[in-house]
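This briefing is written for a reader meeting the structure for the first time. Please look over the sequence and the model, and then follow the points below by topic.

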Amino acid sequence: MDTMSSPVKRSKFLVYTVEECNSCHLKTKRAFQIGDYIYKDGGECTKCKGKMKIAMIYSEKAE
Ligand SMILES: [Zn+2]
């Protein structure tokens, strides 16, 4: 994870992980955690108790 150890200039990046349910396609966004990657098994769906998978990881600039 080079992005975590590289020197930060003026602005920081916040990294988010989006998990999507396999059954009902509910999407939940949370803070990125080390070890996250696309298609990794996520948690339990809060809506249908189905299995969630990581669908997307993205970063936003934080001032
Ligand atoms: Zn679901």
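Four strands form an open sheet in the order S2-S1-S4-S3, with antiparallel pairing, where strands are DSSP runs of E with at least two residues, helices are runs of H or I with at least four, both numbered from the N terminus, and two strands pair if DSSP finds at least two bridges between them. S2 and S3 stand at the edges with a single partner strand each, so one side of each is left without a neighbour in the sheet. From one strand to the next the twist averages 45 degrees, an angle taken on a scale from 0 to 180 degrees between the N-to-C directions of axes, which are lines fitted to C-alpha atoms, for helices over the stretch in contact. This is a predicted model, in which local features need pLDDT of at least 70 and side-chain atom pairs count only at pLDDT 80 or more, while totals for chains, interfaces and linings use all residues. Residues are numbered from 1 along each chain as its sequence is written.

**The chain as a whole**

- Of its 63 residues, 8% count as buried, a residue being buried if 20 or more other C-beta atoms lie within 10 Å of its own, exposed if 12 or fewer do, and partly exposed in between, with C-beta atoms placed from the backbone.
- Among contacts between residues at least 6 apart in sequence, 54% join residues at least 24 apart, a contact meaning that the C-beta atoms of two residues, placed from the backbone, lie within 7 Å.
- The average pLDDT, which is the predictor's confidence in each residue from 0 to 100, is 89 for the protein chain, and 84% of the residues score at least 70.
- Among the elements, helix H1 (residues 2-5) has the lowest mean pLDDT, at 58, whereas S2 has the highest, at 96.

**Strand pairs and hairpins**

- Strands S3 and S4 run antiparallel and are joined by two bridges, with Asp41 having Lys53 in S4 as its bridge partner.
- A hairpin is formed by S3 and S4 with six residues between them, and in its turn Lys49 has a positive phi of about 65 degrees.
- In the hairpin of S1 and S2, five residues lie between the strands.

**Cover of the strands**

- None of the five residues of S2 is buried, so S2 lies largely in the open.
- Strand S4 (residues 51-62) is hardly covered, since one of its 12 residues counts as buried.

**Glu19 and Lys53**

- Glu19 lies in strand S1 (residues 12-21), and it counts as buried because it has 21 C-beta neighbours inside 10 Å.
- Leaving out residues up to four places away in sequence, Glu19 touches Thr28, Gly42, Gly43, Met52, Lys53, Ile54 and Ala55.
- Although Glu19 and Ile57 are 38 residues apart along the chain, their C-alpha atoms are separated by 8.9 Å.
- Lys53 is part of strand S4 and counts as partly exposed because 14 C-beta neighbours lie inside 10 Å.
- Apart from neighbours within four places in sequence, Lys53 has contacts that include Glu19, Tyr39, Lys40 and Asp41, and its C-alpha atom is separated by 5.6 Å from that of Lys40, 13 residues apart along the chain.

**Loop residues with positive phi**

- Most residues other than glycine have a negative phi.
- His25, in the loop between S1 and strand S2 (27-31), has a positive phi near 65 degrees, and it counts as exposed because 12 C-beta neighbours lie inside 10 Å.
- Tyr39, in the loop between S2 and strand S3 (41-44), has a positive phi near 75 degrees, and it counts as exposed because 8 C-beta neighbours lie inside 10 Å.
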